[in-house]
Each structure stands twice: as structure tokens, then as C-alpha cells.
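Subject: Structure for your files

Hello,

Here is the structure I said I would pass on.

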Amino acid sequence: MPGGGATRTSVRIAVIGDRGTGKSSLIAAAAAESFRPEVPPVLPPTRLPSDYYPDNVPIVIIDTSSRGKLAEELKRADAVVLTYACDQPLTLNRLSTFWLHELRRLEVIAPVIVAGCKLDRRDEEYNLSVEMMPLMQQFREIETCIECSAANMLQIQEVFYFAQKAILHPTAPLFDQDTQALRPRCMRALKRIFTLCDLDMDGALNDDELNGFQVKCFNSPLQPAEIVGVKSVVREKLPEGVNELGLTLTGFLFLHALFIEKGRIETTWTVLRKFGYKDELKLGDDYLSFPKKKVPDQSVELTSEAVEFLKGIFSTFDDDKDGVLRENELEDLFSTAPESPWDEAPYKDAVDRTPLRGLSISGFLSQWALMTMLDPIQTIANLIYVGHNCDVASALHITRRRLLDKKKQQTERNVFQCFVFGPKKAGKSALLTSLLGRPFSENYTPTTSERYAVNIVQQHPGNKKTLILQEIPEDGVKKLLSNKESLAACDVAVFVYDSSSESSLNGAVELLSYVARQGEESGFGMPCLLIAAKTDLDTSSTSNRDSAKICVDMGIDAPVPISVKERDINDVFSRIVNAAQQPHLNVPETDQGRSQKRYKKLANYTLMSLSVGAAATFVGLVAYRTYAARRNTST
């Protein structure tokens with residue numbers, strides 16, 4: 001199977017090593033394809049044309065004999081050729097005592113090719129693989145070691161071929177040299193490719209499917225004898241790699257490990273790149289484009305088609321059909337993705353899970369809804385990884401602008417984001433925990449970072465909405481609102497306070513006024529609710545009267561009393577969703593905002609009055625001139 005290349009316009013290679021090790025002669029011999037007895041001490045940048053090697057990528061070689069620019073050139077290099085002289089053992093020792101440590105000190109991350117020059121001058125026997133193994137084990141950045149001779153034109157081209165290959169077809173992302181095995185992310189990518197090529201989904205590639213794979217990747221079919229040969233190689237080394245149906249996944253992975261072990265890593269890279277993978281073994285941007293430009297007060301949701309696909313995937317991987325994806329089933333579902341997307345914050349604890357960390361269908365769909373809102377490109381990628389033939393238009397829907405929803409006094413959204421504000425110890429985290437159906441905890445842990453809770457809220461039979469609560473720590477409010485567009489993504493905001501504490505109420509009202517004012521100034525005001533938490537504690541009648549008056553003054557509904565501890569949440573989540581569904585109601589007004597609105601109305605009225613007066617004057621003038629003209633005519 002032929003190899004492939006990466007989409008690069010050029011490869012830059014820096015050649016370094018002790019003085020007199022043959023750097024300039026090596027470069028000159030590669031460029032001229034012949035030995036030059038006399039070469040300058042330092043060569044200018046040397047270019048090898050694109051047709052020099054099969055990958056059709058030109059190479060620029062930098063001679064770093066000038067120590068002054070060494071660090072600068074190494075930082076710009078895609079690969080490094082590190083030379084020693086085969087007839088000068090001291091230069092070989094200097095690789096480990098100086099040069100490789102120097103590369104690490106300079107934080108050079110480029111792969112290294114160790115090249116022994118002047119091979120024609122060595123007299124004694126030398127086993128390169130035996131001698132270099134300890135060095136390569138100590139310095140994993142060494143890609144390969146080779147010895148050459150410019151005088152005899154021996155393995156000169158191979159030096160730069162290996163350097164280019166290390167860039168276009170890197171080993172590290174695919175293969176672990178320590179364990180001599182494919183890396184997990186490589187195996188996951190190859191499993192996805194195998195699954196896509198297994199058209200009849202019987203767990204094996206038959207001869208037709210193998211040929212389809214071969215033609216897609218290498219533009220030429222396999223002959224029947226070649227297919228038999230491939231299977232024989234696999235069967236001999238790994239009997240379970242082939243069965244009566246064809247090449248199994250185990251056999252497919254074994255073949256690629258064999259290619260890499262035999263120095264044909266470009267074969268595996270060709271396959272990966274044909275299926276859209278980049279060097280980090282993730283799909284490239286051309287597969288994940290999201291062309292529609294979204295304004296700040298629009299959001300992104302899954303389409304009904306995508307939701308139905310996900311329900312089907314859930315059912316497929318729910319092996320015991322208990323309505324829950326256990327951790328191993330969830331891992332199996334994402335086994336064709338680079339990694340499970342929900343293992344880290346903000347997804348890890350954002351939905352309800354069973355005691356054994358399983359996911360119900362509502363939790364599963366809630367995770368997808370959160371990911372789609374926060375990172376739609378990630379949603380597209382993971383839909384593709386798990387098997388969706390992802391046309392963006394059929395998978396994602398961009399909602400109507402919230403400002404337009406407000407004018408129309410209704411919304412078509414199915415997913416609502418709610419910002420949860422409140423002073424410390426008001427009960428914000430308990431509210432999020434309650435949405436997930438988790439028991440109340442007396443332990444207080446302040447929230448210091450981004451935290452979400454997502455669940456599906458039943459409004460009335462057949463009407464389900466997804467509610468995303470985002471807790472905003474009191475210390476993080478100013479940072480959030482320093483972005484003028486931060487409130488655009490918020491469909492509804494709640495302000496939680498401890499109903500037994502007057503200072504907590506004052507803190508919540510202060511936050512409400514601050515957020516309301518920001519909404520008035522930015523034009524992204526949203527429905528707001530006050531939530532009187534901890535009603536199981538002694539509540540102050542004064543606080544109740546004060547909070548009710550504040551709500552009337554600001555034009556929002558009365559506070560919603562709840563006690564998470566006693567599981568008396570007063571249908572609060574349904575109330576939040578109802579508020580979000582009526583974007584024109586419960587939008588708080590501050591005194592300053594109300595004054596500005598009155599001033600604007602007065603200004604508009606004055607302007608209209610002036611316009612009407614001017615129009616009346618103009619009409620009167622026209623009438624007078626008409627009358628005067630008729631009088632003159634009659635006279």
C-alpha cells in the first residue's frame with residue numbers, strides 16, 4: 001500500500017553538531033546529489049525541491065555552524081538533524097553530554113534525527129542499533145539514527161528523508177515505543193475507520209469491504225491474491241484477527257501496528273488522513289465547519305433529527321436494556337472518539353447519574369444539550385465520531401434572536417440557560433443539586449469555578465424543555481459582566497437569597513439591581529426571579545414584606561419560597577422555564593432605567609409635536625399662497 005503526506009507547504013530542517021562533523025558536506029551532497037570536496041564552513045539556507053521525495057513537500061535545510069543564531073533557528077525548525085563524525089568518538093559522546101541536553105534546555109520540541117557522518121573514515125566494526133539503543137531510550141525525542149558518507153554518497157538522501165518523514169508522518173501520536181503498541185487515541189481512530197468500512201456491520205471486513213477501503217485510501221484495488229496474502233499474514237501471527245467473515249477489528253489494528261514496526265508508518269497516516277484526521281488524531285476543521293454566523297443573543301440547539309439519532313445510539317449501546325448507560329457502555333459508545341468528552345469539567349458532574357455513575361436517557365440528552373450550547377463544534381465532532389453522517393444543517397439549529405423573541409412575546413427555544421446569582425451561603429449550589437435530583441447536604445463548599453446543572457423539565461404532558469443552570473459565584477459577577485455581551489446568552493436569571501437573613505436579601509437585591517442595569521445598558525435584559533431559599537429556617541416577616549415590595553417596584557413576580565432541605569421546591573424549575581418562555585415579562589426595571597425610558601418617551605413626544613407643528617405651518621403657508629394667487633388672478 002503506498003504512503004501519503006500531510007498538507008504542508010514546506011519542511012524546515014536545522015542541522016546541528018560539533019564543528020568538523022560534516023554538516024556542510026552533508027547538506028551540499030544532498031542538494032547537488034554528488035560529493036563536493038570543497039564547501040564553505042557555513043552554507044546559506046538550502047532548498048530541496050518538492051519532487052525530491054515522494055511526499056512532494058519541499059525542504060529548507062539550515063546550516064547552523066554559526067553559533068550566534070542557533071537557538072533562534074532551532075525554535076523555527078520542524079525537525080533537527082544532529083550530527084557526529086564516525087571517525088571522532090568524542091563527537092558521539094558529546095551528543096549525550098551536551099547537545100541533547102542543550103535541545104531540552106532550549107525547549108526544542110522538534111523530532112531529532114541522529115546522523116553519523118564520514119562513515120567512509122571509520123575503520124573498526126560498529127553495530128549502530130546496539131550502540132544507539134541506550135541513547136534512544138534516554139532521549140525519546142530521537143526519531144531514528146543513521147550513518148552516512150558524503151564522499152561515497154551513501155545514505156545522504158535517507159538522512160533528510162527520515163527528517164521529513166518524522167514531520168509528515170510522526171511516530172509519537174500513533175505508537176508507544178516503550179510498550180511497542182498502538183496508542184489509545186490511534187486505536188480509537190482506527191476503530192472508527194473500521195466501523196465506517198464495515199458496511200454490513202457484521203464485525204469483519206469482507207473482501208469487497210477491504211477493497212472499498214483500499215480504493216478510498218490508496219486509489220487502487222487489491223488483487224485477490226493480495227487479499228489472501230494479507231489475511232494469511234494476520235492469521236499466522238494473530239489467529240483471532242481473521243474469521244469466516246473476514247478481517248476483524250483486532251486483525252485490522254494488528255496490521256497497522258505491523259506497518260509501523262516495519263517502518264511504513266506513512267501507510268497508517270495515509271489511512272488516517274483520508275478519513276479526516278490531523279496530527280493530534282482529531283478531525284480537521286474542514287470536517288467541523290459551522291458556517292452560520294451567530295449573534296450573541298442566539299443559541300445553538302440539536303435538531304429533532306439529531307435528538308432521534310442520539311436516542312437510537314443510546315438504545316444500541318444500552319446492552320442490558322435497563323434504560324441506563326453504565327460507565328462501560330458509555331465508554332463503548334465513545335470508543336471511536338479521541339476520548340470521552342464528558343470526563344472533565346464542566347460536563348463531569350453537570351447531569352443526574354445513578355449511584356454507579358450511569359446515565360439515563362434524560363441525562364444523556366442533557367449532556368448533549370449542554371455541549372451544544374457551550375461548544376457546537378465539539379458537538380459536531382462527537383456526532384461524527386459516534387456515527388452520525390453529520391450535515392450541520394440537519395444536526396444543529398440556530399435559534400431566533402432573543403430580542404426578536406421579546407418583541408414577538410414568545411420563544412421557540414427548547415433549551416434555556418439560566419444564570420444563578422446570589423450572595424455567599426444563599427443556597428445557589430443547593431438549587432443546582434436539586435435540579436439533578438440529588439439529596440441535600442449540610443456540608444458547605446463554596447463554588448470557585450464554572451459550574452452547571454442540566455435536566456429536562458416537564459411543563460405539561462408532551463411539553464419538555466431542557467433547563468441549564470449556571471452558577472455565578474458572587475466574586476465572579478463583575479468579571480462576568482465586564483463583557484458587555486455576557487447577558488446575551490442568558491434566557492432567564494434567578495437571584496437566590498437566604499430567607500432567614502436580611503443581609504442575604506440585601507445582597508441578592510443589590511445583585512439584581514446591578515444585573516438589571518447592565519441589561520438595560522446592553523439591551524440584553526432578561527426575565528428575572530427572586531428565590532427565597534431555606535424557608536425551613538426562621539424567616540423574617542420584615543424581609544418578606546421588603547422582598548415583595550422590591551419585586552413590585554422592579555416589575556417582577558413575587559419571590560418563590562423554597563426549601564431544598566425539606567424537598568419543598570415549590571415547582572421552581574417549572575416557574576423558571578415559564579419565565580424564560582415569556583421573554584417580555586418579568587424584565588426588571590431600575591429607577592435609572594425607568595427615568596431614561598420616560599425621558600425617551602418625552603423626547604419622542606416633543607419631536608412628534610414639533611413635526612406636527614412644522615407640518616401645520618407648512619400646510620397653512622401653502623394654503624395662504626394658493627389663496628393669494630387666486631385673488632390676484634380674479635383682480
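This is a predicted model: local features need pLDDT of at least 70, side-chain atom pairs count only at pLDDT 80 or more; totals for chains, interfaces and linings use all residues.

Residues are numbered from 1 along each chain as its sequence is written, and side-chain values use heavy atoms, with hydrogens and water left out.

Helix H1 (residues 23–32) is mostly covered, with seven of its 10 residues buried. Buried means under 20% relative accessible area, exposed over 50% and partly exposed in between, with a 1.4 Å probe and protein chains only. Helices (H or I, at least four residues) and strands (E, at least two) are DSSP runs numbered from the N terminus. The buried residues of H1 are Lys 23, Ser 24, Leu 26, Ile 27, Ala 28, Ala 29 and Ala 30. They pack against strands E1 (11–17), E2 (46–48), E3 (59–63), E4 (79–85) and E5 (112–117), and against helix H5 (156–168); contact means heavy atoms within 4.5 Å. After H1 comes Glu 33, with a positive phi near 55°.

The axes of helix H11 (residues 304–317) and helix H13 (residues 361–374) come within 11 Å and cross at roughly 135°. Axes are lines fitted to C-alpha atoms, for helices over the stretch in contact, and angles run from 0 to 180 degrees between N-to-C directions. H11 and H13 are therefore oblique to each other (under 35 degrees is roughly parallel, over 145 roughly antiparallel, 65 to 115 roughly perpendicular, and the rest oblique). From H11, Val 307, Leu 310, Lys 311 and Phe 314 meet Ile 361, Phe 364, Leu 365 and Trp 368 of H13.

Tyr 452 is in strand E17 (residues 451–460) and is buried, at 4% relative accessibility. Leaving aside residues up to four places away in sequence, Tyr 452 touches several residues, among them Pro 346, Leu 370, Met 373, Leu 432 and Ile 468. The C-alpha atoms of Tyr 452 and Pro 41 are separated by 63 Å, and the two residues are 411 residues apart along the chain.

A search of the whole structure finds zero disulfides, a disulfide being a pair of cysteine sulfur atoms within 2.5 Å. The sulfur of Cys 145 is too far for a bond because the closest cysteine sulfur, in Cys 86, is 11 Å away. Cys 528 is in no disulfide either, with the nearest cysteine sulfur, that of Cys 490, 7.1 Å away. Cys 145 counts as buried at 15% relative accessibility, and Cys 528 is buried at 0%.

Regards
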